[in-house]
Amino acid sequence: MAESLPEHDRILQEIESTDTACVGPTLRSVYDDQPNAHQKFMEKLDACIRNHDREIEKMCNFHHQGFVDAITELLKVRADAEKLKVQVTDTNRRLQDAGKEVIAQTEEIIRCRVQQRNITTVVEKLQLCLPVLEMYSKLKEQMSVKRYYSALKTMEQLENLYLPRVSQYRFCQIMIENLPKLREEIKEISMSDLKDFLESIRKHSDRIGETAMKQAQQQKTFSTALQKQNNVNYGRNMHLGRNRILESKNEITLKRTFEDEDEHEEEVLTAQDLVDFSPVYRCLHIYSVLGDGETFENYYRKQRRKQARLVLQPQSSMHETVEGYRRYFSQIVGFFVVEDHILHVTQGLVTRTYTDELWNMALSKIIAVLRTHSSYCNDPDLVLELKNLIVVFADTLQGYGFPVNRLFDLLFEIRDQYNETLLKKWSGLFRDIFEADNYSPIPVANEEEYRIVISKFPFQDPELDKSFPKKLPMSQSVPQIYMQVKEFIYASLKFSESLHRSSTEIDDMLRKSTNLLLTRTLSSCLQNLIKKPHIGLTELVQIIINTTHLEQACKYLEDFISNITNISQLTVHTARLYGLSTFKDARHAAEGEIYTKLNQKIDEFIQIADYDWTMSESDGRASGYLMDLINFLRSTFQVFTHLPHNNNDHAAMSGKVAQTACMSACQHLSMSLMQMLLDSELKQISMGAIQQFNLDVIQCELFASSEPVPGFQGDTLQLAFIDLRQLLDLFMVWDWSTYLADYGQATSKYLRVNPSTALTLLEKMKDSSKKNNIFAQFRKNDRDKQKLIETVVKQLRSLVNGMSQHT
């Protein structure tokens with residue numbers, strides 16, 4: 001009990017000192033203690049309350065007087081407070097009345113300030129929006145005047161600088177949505193302009209190329225004339241007389257060149273003058289700004305490759321005229337001039353690697369096209385013009401940095417073709433000259449005519465008599481052929497010019513082509529001429545004389561080539577002309593043709609021979625056909641003898657040909673007469689026919705001994721008939737015993753009589769004796785002769801068989 005009382009005091013102290021919200025745990029401890037602790041606590045609480053009431057009462061008693069005093073003073077102040085209240089209320093009323101106007105003015109000021117603030121805000125916003133609207137208006141204006149690159153720059157400024165400041169406005173969103181559409185529109189328009197540009201340069205390529213080639217040719221002409229002028233000045237002291245002429249010519253050429261340059265100075269045009277390149281620049285810049293430059297480059301290169309293939313495709317009839325080639329080259333040059341211009345004025349659109357690749361492709365195609373089309377050309381003038389075009393074409397493109405060595409290699413192929421066409425043309429010229437020639441010596445009435453001839457042909461003969469009129473040994477075709485050979489050399493030289501080759505190479509080309517002309521073309525024409533039926537013996541002899549003079553003129557042709565190429569003949573690598581062998585072969589062919597024609601004429605006379613092989617006795621005179629033949633031969637060889645000769649060499653040559661022809665004719669006549677006797681179709685021959693035949697052979701021998709052609713030694717020409725003579729003597733004398741006894745000996749009288757020949761002729765006479773002497777068996781002499789013939793036949797057969805076995 002005593003312990004619980006202090007506990008209750010402690011709880012009361014906690015309740016008095018603790019916050020009301022935390023009193024719960026303290027009160028709970030009252031109920032957690034001993035039983036009846038609650039009653040005791042209540043008692044303790046009542047006691048504590050009574051103590052506090054007594055203390056409050058004491059305090060109230062202590063302050064009661066002061067409170068009464070305060071209330072008294074307050075009541076005194078109440079009346080003053082009422083008065084003050086009335087005064088305050090009246091003052092407030094009067095103040096309110098006075099402030100109503102101020103309030104109204106203040107509200108007006110506030111409203112104006114709000115408007116001012118709004119206006120300021122609007123102005124600020126408009127100041128932000130106006131540049132955007134101005135830029136967009138500028139953009140629209142640039143689009144309308146097709147300033148697309150500037151429009152793209154304006155779009156870029158709008159997007160990056162202006163629109164972000166006012167992006168919250170609706171019109172800005174509309175602008176932002178429209179800008180990609182405008183970009184696509186610009187791309188489409190610029191691409192359309194590019195297509196128009198590509199079409200334009202395709203149409204103007206030929207004109208661009210023509211202008212570039214013309215300028216290159218003018219520049220080359222000027223440089224060549226200037227170089228020639230310098231060469232003349234440099235070599236004036238060395239070759240004064242000759243170079244004065246060259247100098248005057250070159251001065252005229254140089255003057256004309258300057259005049260041409262002055263005339264064309266105002267007409268010099270470039271690719272930019274002929275084609276507006278702004279679309280491609282614009283399109284390139286536009287695609288670069290849009291970040292799509294690679295697409296543009298690929299498209300441009302693809303389209304240009306297609307155009308290159310079209311340009312490189314020639315017309316099927318291009319080879320027919322030089323204009324076709326010129327148009328083809330102009331288009332190609334124009335194409336690559338445009339590409340070169342694009343290469344140098346843009347960055348990345350066209351690269352050197354791309355142009356080189358494109359040029360290599362084009363060059364292969366060009367070479368194939370020219371190789372094909374030039375093969376169709378048969379006109380040397382057209383081939384020469386083609387060569388000149390190729391040179392100008394190559395020089396033009398070389399000036400733009402394109403390699404053209406393969407084109408000059410192609411020109412060497414075309415040069416061979418050009419030479420072939422020249423050879424064909426000159427073959428026709430040679431044929432015409434030969435057809436028009438009368439194959440008689442050139443008549444010269446006076447010295448003036450003589451000088452005209454030697455001005456065309458280097459005819460020199462110190463032994464030639466200067467008296468006029470007279471005849472030169474060669475015919476009209478000789479100077480004409482010589483002049484045509486020189487013209488051929490000039491024509492061949494024209495192709496060799498401007499090929500960037502040395503004088504030695506040009507000299508070698510000229511000599512090789514001239515050799516082809518002499519050894520193939522002229523040789524073939526001479527061979528064909530010699531074989532023509534209407535060319536007689538006199539013409540053939542004249543041809544031999546002509547070829548001799550042409551052969552002698554070959555050294556002058558070599559000098560002529562050396563003069564125009566300035567290459568000495570003493571140079572190690574200088575080729576020689578093969579005209580000597582050409583004309584020698586022609587002479588041999590002409591000589592052979594003379595022999596052949598003589599033999600053919602002899603055969604014609606032999607064919608009209610009409611022997612009566614069964615005649616009993618001869619007519620006592622030679623056959624008429626044979627006398628005609630001998631007269632023909634005699635007159636023919638007289639023509640050979642009386643040909644004009646300008647020197648001893650010609651006389652010796654003609655004499656040699658005449659001797660050979662005479663010997664060949666006699667041998668052929670002897671062989672033909674022998675074949676007539678031994679003809680297998682001739683079955684029998686009488687002794688009278690042998691006698692008549694002997695008379696004809698005697699005339700042949702008389703002709704041979706009469707020296708129809710001077711120069712034969714002794715009886716050389718008569719030996720052509722020795723086989724016939726010994727055979728006829730054997731049968732005329734009937735000296736079989738001597739023949740059989742001396743057979744095989746070198747001293748035999750009938751050494752040239754072959755046993756088989758004698759046997760054949762004897763059998764023909766044997767058959768004739770049997771048929772013509774029916775009663776020969778009744779005459780003792782005839783029987784003896786027949787037996788003798790049979791005996792001789794047997795012996796001859798044994799000789800023939802012995803010869804065959806020995807063989």
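Aspartate 610 sits in the loop between α19 (579-607) and α20 (624-641), helices here being DSSP runs of H or I with at least four residues, and strands runs of E with at least two, numbered from the N terminus. This is a predicted model, in which local features need pLDDT of at least 70 and side-chain atom pairs count only at pLDDT 80 or more, while totals for chains, interfaces and linings use all residues. Residues are numbered from 1 along each chain as its sequence is written, and side-chain values use heavy atoms, leaving out hydrogens and water. Welcome to the tour: the protein has 26 helices and 2 strands.

**The overall picture**

- Of the 807 residues in the protein, 41% are buried; buried means under 20% relative accessible area, exposed means over 50%, and partly exposed lies in between (1.4 Å probe, protein chains only).
- Taking contacts between residues at least 6 apart in sequence, 79% join residues at least 24 apart, where contact means heavy atoms within 4.5 Å.

**Back to the loop**

- Aspartate 610 has a relative accessible area of 73%, so this residue counts as exposed.
- From aspartate 610 to glycine 624 there are 14 residues in sequence, and their C-alpha atoms are 9.5 Å apart in space.

**The nonpolar cores**

- The largest nonpolar core holds 177 residues, and those touching the most other members are Phe329, Trp359, Ile366, Phe393, Ile594, Leu673 and Phe693. A nonpolar core is a set of buried Ala, Val, Leu, Ile, Met, Phe, Trp, Tyr and Cys residues joined through side-chain atoms within 4.5 Å.
- A second, separate core has 20 residues, among them Tyr148, Met155, Cys172 and Met175.
- Leaving aside neighbours within four places in sequence, leucine 673 is in contact with Ile606, Tyr625, Phe693, Val697, Cys700 and Leu724.

- Beyond its neighbours within four places in sequence, isoleucine 332 is in contact with Val311, Leu312, Ile366 and Phe393.
- Isoleucine 332 and phenylalanine 393 are 61 residues apart in sequence, yet 9.0 Å apart in space from C-alpha to C-alpha.
- Aspartate 340 also has its place in helix α10, which covers residues 322-345.
- Aspartate 340 is buried yet has no salt bridge, and the nearest side chain of opposite charge, arginine 352, is 4.1 Å away. For charge, Lys and Arg count as positive and Asp and Glu as negative, while His and the chain ends are not counted.
- Apart from neighbours within four places in sequence, aspartate 340 is in contact with Arg352 and Tyr400.

**How helix α11 packs**

- α11 and α13 pack at an angle of about 5 degrees, with their axes 11 Å apart; axes are lines fitted to C-alpha atoms, for helices over the stretch in contact, and angles run from 0 to 180 degrees between N-to-C directions.
- That angle makes α11 roughly parallel to α13, since angles under 35 degrees count as roughly parallel, over 145 as roughly antiparallel, 65 to 115 as roughly perpendicular and the rest as oblique.
- Where α11 meets α13, the α11 residues include Asn360, Leu363 and Arg371, and the α13 residues include Arg406, Leu410 and Glu413.
- α11 and helix α12 (residues 380-399) pack at an angle of about 175 degrees, with their axes 13 Å apart, and are therefore roughly antiparallel to each other.
- On the α11 side, Trp359, Ile366, Leu370 and Ser374 meet Leu386, Ile390, Phe393 and Leu397 in α12.

**Salt bridges**

- Side chains of opposite charge can pair when their charged atoms come close.
- The whole structure has 25 salt bridges, each being a side-chain nitrogen of Lys or Arg within 4 Å of a carboxyl oxygen of Asp or Glu.
- Arginine 371 forms a salt bridge with glutamate 413, with the closest N and O atoms 2.9 Å apart. Arginine 371 lies in helix α11 (residues 352-374) and glutamate 413 in helix α13 (residues 405-436), so the pair ties together parts that are 42 residues apart in sequence.
- Arginine 371 is partly exposed at 41% relative accessible area, and glutamate 413 is partly exposed at 39%.
- Arginine 451 and glutamate 447 also meet in a salt bridge, at 2.8 Å from N to O. These two are 4 residues apart in helix α14 (residues 447-456), so about one helical turn separates arginine 451 from glutamate 447.
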